[in-house]
Structures are given as structure tokens and as C-alpha cells.
Amino acid sequence: IAYPVELFEPGNMPQILSSIAGNIFGMKAVKNLRLEDIHFPKKLVSSFKGPRFGIKGLRKLCRVKNRPLVGTIVKPKVGLTASQHAKVAYEAWAGGLDTVKEDENLGSMKFNNFYERFIKTMKMKDKAEKETGEKKFYMPNITSETDEMIKRGEFVKKHGGNYLMVDILTTGWAGFQTVRKHEFNLPLHCHRAMHAAITKNPKHGISMLTIAKITRLIGGDTLHIGTAAIGKMIGSKQDELAIERDIENQYIYENDKLHVLGQKWYNIKPTMAVASGGLQPGMIPKLVKTMGKNVVYQFGGGVHGNKLGTMAGAMAVRQALDAALKDIPLKQYMKNHKELKQAISQWGVK
């Protein structure tokens with residue numbers, strides 16, 4: 001279905017989606033309807049900001065050139081105090097992880113205030129950076145009512161933060177656009193919480209491919225896309241690789257419908273994919289082979305569930321990644337790495 005570009009207001013994603021994916025879904029005559037893909041003309045593409053940093057910019061910020069990034073989400077999702085949250089984050093960074101992300105439903109609770117949590121966790125980030133000599137990313141979840149999101153983002157910027165996280169679907173496209181429009185000068189991590197309510201039914205709804213394109217257009221620097229059917233979340237290997245994978249780390253032809261996070265889109269920088277959901281160290285060689293290096297591999301229970309503790313869990317992830325990049329079998333590499341050996345004994349090699 002093609003539409004003349006004159007029907008759409010440049011830079012207004014809510015208006016565009018109200019037109020192409022609005023009341024049509026509610027028509028009595030429509031039994032099932034699914035928006036599988038969308039292509040934007042240059043005039044509309046150029047009216048959006050896209051990622052501020054993109055893949056090259058993120059790699060420059062974190063000083064990691066030739067390997068995937070690895071990270072974690074602080075667990076449990078809720079229940080930890082601000083101090084407990086900061087301690088878990090420190091152990092993950094000190095163990096070798098590049099990123100620590102807050103969970104999608106972690107807001108500002110009585111027992112764990114956003115502002116207190118941010119300050120305490122930042123102190124632990126600084127401590128880990130000094131000890132490891134590596135740059136670390138901390139992704140605080142600013143998701144809230146729009147004015148409060150801006151307030152939280154300004155607080156993060158003022159106090160030396162280096163990333164922001166937004167639940168883009170529960171926030172809404174307008175809220176997401178507002179955050180991107182604001183001059184925080186920080187990368188935006190996009191969590192896709194609630195996406196399955198829209199994407200899961202293969203006969204009805206909107207595909208994750210479409211959501212990924214919209215997210216990149218608006219300006220997400222990193223985006224959850226799934227794990228190519230390796231982990232616990234829904235999503236086919238074919239669909240998720242179509243979203244993420246580029247060819248030899250280069251932009252591909254702008255009109256190719258595949259690999260949408262790495263296509264050449266005029267003024268729009270590429271978005272880095274995040275693989276997350278049920279991952280553990282024994283999956284890393286397969287992940288790298290399947291999804292490549294321009295990815296953030298993110299582990300929850302696969303780090304914190306290690307019986308030697310969170311720091312050991314983080315070390316096991318880095319050890320597994322080192323082995324995969326050197327093409328050494330994990331069961332051979334673990335012989336001299338007790339943290340990886342523990343992870344493999346718990347979860348095996350997938």
C-alpha cells in the first residue's frame with residue numbers, strides 16, 4: 001500500500017501511525033490485519049533525528065572497537081534498596097561487564113528512590129572504572145510521565161550520567177520523541193516492554209521489524225530485539241536477524257528490506273541491537289556466530305544466578321566471550337577459569 005508523502009506531517013510519528021495503523025485495525029470488516037513492514041521516503045526520513053551516537057559513536061564512548069558489548073540487568077527486578085542496587089551494579093562492572101541496565105519496571109519507589117539510586121550507583125560505576133581501567137555504561141530508567149522524564153534526564157546529565165533508558169512503547173511515541181528532541185547529549189537505550197501485546201500474534205498486530213524501524217528513525221541508540229530464538233523470549237531467528245545483522249559491519253543498500261538497524265538511511269545513524277532474555281555464558285559462541293559483533297549481549301539470571309556470585313557471573317561472561325572470539329571451545333577454556341566452569345556446570349553449553 002503506497003501513500004503520497006503529502007498526507008503526512010514531517011517529524012510527527014503519532015500522526016503517521018494514526019494514518020497507516022490507526023482505525024483500520026478496528027473496522028468490523030477486518031478479521032485479521034498485520035503491519036509487517038514499512039518504508040519511509042527520504043522527505044520523512046530526513047525529518048527525524050535518528051540516533052545521536054549510533055554504533056560508531058557508542059564504541060567511541062566505551063572504547064570498545066572489535067568485540068560485542070556485554071551487560072546485565074540488576075536483579076531482582078524490584079525489592080532492592082538503592083544501596084543494594086548499587087552494590088549489585090558494582091559487582092557486575094568489576095567482573096568485566098560493559099553495561100548495567102535498570103529493569104523496565106523500576107521507577108522511583110519509596111524503598112528505592114530514583115534520584116538516590118542514581119547517585120549511589122554512579123559512585124559504584126566510577127569505582128569500577130578506576131579499578132578495571134575500562135569505561136562503563138549505566139542505563140537509568142527515566143520512564144515516567146513526560147515532564148518527569150525530562151526532569152530525571154536533566155538530573156542524570158547534571159550528575160555525570162552517560163546513558164538514558166526509556167520504555168518506548170509504554171511511554172508512547174510522542175513521549176519518546178520528546179526525550180530524543182531534548183538536548184541531553186546522552187545515548188538512548190530503548191526497552192520494548194509491552195511489544196508482545198502488539199507483535200506476538202502472527203495474524204494480527206504490528207511486527208517487531210516495523211517497531212525497530214520507527215525506533216531507529218526517532219532516535220534509539222540501542223534497542224532490544226530478542227536473541228534469535230536462543231533465549232526465553234518470543235521471536236523467530238529470521239525476523240530478529242532481519243532487524244539486526246549487517247554485512248561485514250558495513251551499511252547495506254538503503255532499499256533492502258533486511259537488516260534495518262544497519263541500513264544506509266540518509267542522515268540517520270545505525271542503531272545497535274541488544275540481545276536479551278534468558279541468556280547465559282554457554283550461549284555466547286552461538287550468539288556471536290549468529291548475531292555478530294555489533295550487538296550488546298545482556299544477561300540477567302545468567303550473571304546473578306552464578307553460584308559463585310554476581311562478580312563471578314560477570315567474569316564468566318567475559319571469559320566465554322574471550323573464548324568465542326579466539327575460537328576456543330568453552331569446555332576447554334573453562335579448565336583454567338573457575339567462574340566459567342561454574343556457569344557451564346549450572347547451565348551447560350547451548
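**Figure 1. An aromatic cluster in the predicted model.** One cluster is formed by the aromatic residues Trp-93, Phe-114, Tyr-115, Phe-118, Tyr-138 and Phe-155. Across the whole structure, a search finds eight aromatic pairs. In one of these, the ring centres of Phe-114 and Tyr-115 lie 5.2 Å apart and the ring planes meet at 85 degrees, so the pair is classed as edge-to-face. Phe-114 and Tyr-115 are both buried.

**Figure 2. The aromatic pair of Trp-173 and Phe-176.** The two rings are tilted, with 45 degrees between their planes and a centre-to-centre distance of 6.4 Å. Both residues belong to helix H8 (residues 173-181), where a spacing of three residues separates Trp-173 from Phe-176 by about one helical turn. Trp-173 has a relative accessible area of 15% and is therefore buried; Phe-176, at 0% relative accessibility, is also buried.

**Figure 3. Strand S5 and its pairing with strand S6.** In a regular strand, side chains alternate between the two faces of the sheet. Strand S5 (residues 164-167) is covered on both faces: Leu-164 and Val-166 are buried on one side, and Met-165 and Asp-167 are buried on the other. Four bridges join S5 to S6 (residues 188-191) in the parallel sense. Within this pairing, Met-165 stands opposite His-189 of S6.

**Figure 4. Packing of helix H14 against helix H16.** The axes of H14 (residues 310-325) and H16 (residues 338-347) are 8 Å apart and form an angle of about 95 degrees, which means that the two helices are roughly perpendicular. From H14, Ala-312, Met-315, Ala-316, Gln-319 and Ala-320 meet Glu-339, Leu-340 and Ala-343 of H16. Six of these contact residues are nonpolar, one is polar and one is charged.

Note on methods
Residues are numbered from 1 along each chain as its sequence is written. This is a predicted model: local features need pLDDT of at least 70, side-chain atom pairs count only at pLDDT 80 or more; totals for chains, interfaces and linings use all residues. Side-chain values use heavy atoms; hydrogens and water are left out. Buried means under 20% relative accessible area, exposed over 50%, partly exposed in between (1.4 Å probe, protein chains only). Two strands pair if DSSP finds at least two bridges between them. Axes are lines fitted to C-alpha atoms, for helices over the stretch in contact, and angles run from 0 to 180 degrees between N-to-C directions. Angles under 35 degrees count as roughly parallel, over 145 as roughly antiparallel, 65 to 115 as roughly perpendicular and the rest as oblique. Contact means heavy atoms within 4.5 Å. Ala, Val, Leu, Ile, Met, Phe, Trp, Tyr, Cys and Pro count as nonpolar, Asp, Glu, Lys and Arg as charged, and the others, Gly among them, as polar. Rings of Phe, Tyr and Trp (its six-membered ring) pair if their centres lie within 6.5 Å; planes under 30 degrees apart count as stacked, over 60 as edge-to-face and the rest as tilted.
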